[in-house]
There are 2 protein chains.
Amino acid sequence: MTEPGRLNGESNVRDVGEFALIEYLANQLPKRTGQHGVSIGIGDDAAVWQPSPGNSVVVTTDALVRDIHFRLGWTDWSSLGHKAIAVNISDIAAMGATPRLATIVLGLTGDERVGDLGRMYEGIGDIAGAFGVAVAGGDVVRTPHDLMLSVTLIGEVDPDQVVRRSGARPGDLVVVSGTLGASAAGLRLLESPRTAATADLLVAAHLRPVPRVALGQVMHEAGVTAAMDLSDGLLGDLRKILDASGVSAGIDIDRVPVLPAVRALFPDEWTELALRGGEDYELLMTIPHDRFDGLRDRAKVVGATVTPVGSITPTDGGPTLSVTRDGRELNAGDSAFDHFAGHPS
Amino acid sequence: MTEPGRLNGESNVRDVGEFALIEYLANQLPKRTGQHGVSIGIGDDAAVWQPSPGNSVVVTTDALVRDIHFRLGWTDWSSLGHKAIAVNISDIAAMGATPRLATIVLGLTGDERVGDLGRMYEGIGDIAGAFGVAVAGGDVVRTPHDLMLSVTLIGEVDPDQVVRRSGARPGDLVVVSGTLGASAAGLRLLESPRTAATADLLVAAHLRPVPRVALGQVMHEAGVTAAMDLSDGLLGDLRKILDASGVSAGIDIDRVPVLPAVRALFPDEWTELALRGGEDYELLMTIPHDRFDGLRDRAKVVGATVTPVGSITPTDGGPTLSVTRDGRELNAGDSAFDHFAGHPS
């Protein structure tokens with residue numbers, strides 16, 4: 001065991017003490033105790049946080065596991081830290097809430113280099129700082145084989161402003177923010193590198209997604225009836241809104257916003273990437289037709305685009321999702337991303 | 001992929017869909033949405049919870065990893081679920097707070113049997129129900145090798161009732177609840193089974209610890225100045241209070257409460273088990289001498305015993321911890337439980 005003062009970035013985790021490591025990692029983070037109502041951070045049994053009076057607390061949790069959700073040859077450590085926090089902030093954003101507090105469980109084999117974990121915590125600190133999130137504690141545990149980050153993100157929201165998955169109504173537009181498929185295209189480029197001027201942009205979309213917090217916060221006021229973040233692909237995720245709301249929907253592929261770079265690099269696959277690729281961390285929303293212009297204007301103010309891609313329809317014997325291209329209906333099939341059923345990404 | 005309706009306990013996780021599995025596991029839990037202010041549970045992007053007006057939110061997180069924190073040959077699945085929640089509730093109890101909400105990340109290799117995970121969730125549901133905790137969501141992820149449960153527990157507390165680690169003052173008594181060493185003794189019995197009438201009791205102390213929530217809630221009113229839960233052993237954990245409070249302490253081994261069964265089965269080791277064994281999940285507290293009787297009376301009301309084991313002393317050049325036995329001072333050494341420094345448990 002190395003004393004905290006002698007810990008350096010070249011050390012392996014197994015050669016340093018657990019508490020020295022936690023102290024080293026905490027030092028990579030911005031100092032946030034006392035901000036955002038966080039009164040006790042890393043170093044007590046639990047973090048203590050005071051939400052604004054009357055607000056509800058919103059909680060989400062998600063984990064990234066080596067060789068399942070990321071590969072160390074494909075991501076730098078800072079981006080890995082960024083993404084672990086970003087995907088959780090995205091869930092908070094999808095509820096219309098403001099992210100405040102994160103706790104992190106780090107599962108380490110002991111073979112990791114301390115300096116790499118430090119860079120990971122720099123990435124965590126950068127995105128946490130950018131979104132006003134305090135990293136308020138966590139746990140470092142040993143794992144026999146699998147490097148793992150498990151993040152819980154806690155936010156707050158006026159209970160009247162919460163946007164759920166269950167509010168979609170027939171006649172609503174189906175709307176997505178940003179563009180779809182860039183993250184999946186970036187993953188393909190990591191799997192099979194190609195020289196392309198746009199490759200870095202697409203890889204960055206995969207490694208360092210930016211959650212749509214500001215857009216999420218205007219959803220309720222803009223009249224959005226249901227929302228979720230796009231982590232598993234448009235078709236799979238929209239089904240969840242349909243199931244929760246008891247409605248059906250039709251999507252027009254020709255209206256789905258896809259970057260020209262994605263279409264150019266993947267001429268035969270861009271539809272698949274955009275509809276099923278997943279990990280876009282854009283917002284999927286439903287909203288009455290007559291409120292869409294207002295949403296578009298509010299989105300513009302916060303630097304986001306929103307695009308209608310289809311409509312909610314009444315259900316007849318269970319939610320269905322139809323997909324049309326060039327006016328012709330396709331068979332959407334079973335589209336949910338499923339880690340255990342062999343989806344490749 | 002099996003349809004939800006056809007999922008049965010004999011299936012392996014890899015043969016069922018992620019969403020069917022989540023639905024099956026959620027069905028093992030008591031229905032709690034709508035209770036304790038939890039308005040959205042499993043099935044949306046995030047759980048939503050309304051703490052009582054003015055209360056602070058308390059957050060802790062801890063993970064159990066196969067072959068590090070548990071062995072499947074030594075624990076039944078229900079106990080594994082119990083313990084994963086109990087160790088987190090214990091951290092909430094140590095702050096004087098009330099546990100409310102849990103989220104769970106389950107890392108599965110795919111080889112697990114669905115029925116075993118169902119029993120684990122029954123164990124989770126039983127302890128969650130007993131302590132009024134809503135399991136409000138989580139995530140199921142695949143791991144290449146390591147079965148893992150990562151739990152985040154969220155509670156609430158009147159901010160004036162929070163008991164931190166940093167409040168210990170010279171002259172305070174050092175007090176522990178219950179007895180120490182039973183969990184470590186139980187672990188030894190799992191490692192090397194022996195026939196003994198008390199073996200089941202000790203093994204149960206290891207596998208199914210009961211967090212001291214009710215005692216934690218009376219700590220502030222009783223005058224407790226600092227507290228934490230005993231997860232890493234008395235000596236290691238007390239050092240954390242000393243460091244946080246900037247004080248020293250002396251412990252008298254002869255006063256440490258240890259079950260007769262532990263002394264009888266481990267005549268040469270019971271001191272080690274009691275001082276360094278860890279995983280007792282009792283409360284370690286400091287309190288002024290003249291308040292101890294009041295704490296003892298309040299503890300009795302909630303079914304707990306409290307025992308003074310030493311005193312806080314002024315520090316002179318940094319916190320020190322002295323240990324005496326039969327009036328003679330021992331060398332406490334470096335006693336912190338450290339997962340990376342080769343502690344066997």
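## A hairpin at the end of chain A

β12(A) teams up with strand β13 (residues 328-330) of chain A in the antiparallel sense, with three bridges between them. This is a predicted model, so read everything here as coming from computed coordinates. Within that pairing, A:Arg325 sits opposite A:Arg328 of β13(A). The hairpin made by β12(A) and β13(A) has two residues between the strands, and A:Asp326 there takes a positive phi near 50 degrees.

β12(A) has another partner too: strand β9 (residues 248-252) of chain A runs parallel to strand β12 (residues 321-325) of chain A, and four bridges join them. One pair to look up is A:Gly250, whose bridge partner in β12(A) is A:Ser322.

## Where chain B meets chain A

Now for the contact between the chains, which takes 64 residues from chain B and 64 residues from chain A. On the chain B side, the elements giving two or more residues include α1 (18-26), β2 (47-49), β3 (56-65) and α2 (77-94) of chain B. β3(B) gives the most, with nine residues. By class, the chain B side divides into 34 nonpolar, 16 polar and 14 charged residues.

Strand pairing also crosses from one chain to the other: strand β3 (residues 56-65) of chain A and β2(B) pair in the antiparallel sense over three bridges.

## Helix packing in chain B

α2(B) also packs against helix α3 (residues 114-130) of chain B; their axes come within 7 Å and cross at roughly 45 degrees. That angle makes α2(B) and α3(B) oblique to each other, and the crossing is right-handed. Among the residues making the contact are B:Trp77, B:Leu80 and B:Ile85 of α2(B), along with B:Met120, B:Tyr121 and B:Ile127 of α3(B). The class breakdown for the contact of α2(B) with α3(B) is ten nonpolar, five polar and four charged residues.

## The seven-stranded sheet of chain B

Chain B has an open sheet of seven strands in the order β8-β10-β7-β11-β9-β12-β13, with mixed pairing. Which strands sit at the edges? They are β8 and β13 (328-330) of chain B, each of which pairs on one side only. From one strand to the next, the twist averages 30 degrees.

Inside the sheet, strand β9 (residues 248-252) of chain B and strand β12 (residues 321-325) of chain B pair in the parallel sense over four bridges. B:Asp252 finds its bridge partner in B:Thr324 of β12(B). And α2(B) turns up here as well: α2(B) lies across β8 and β10 (283-288) of chain B, running at about 175 degrees to β8(B).

Methods: Residues numbered from 1 in each chain as written. Chains lettered and ligands numbered in written order. Predicted model: local features only at pLDDT ≥ 70, side-chain atom pairs only at ≥ 80, totals over all residues. Contact = placed C-beta atoms within 7 Å. Nonpolar A, V, L, I, M, F, W, Y, C, P; charged D, E, K, R; others polar. Pairing = 2+ DSSP bridges. Axes fitted to C-alpha atoms, helices over the stretch in contact; angles between N-to-C directions. Parallel < 35°, antiparallel > 145°, perpendicular 65-115°, else oblique. Left-handed = near helix turned anticlockwise from the far one by under 90°.
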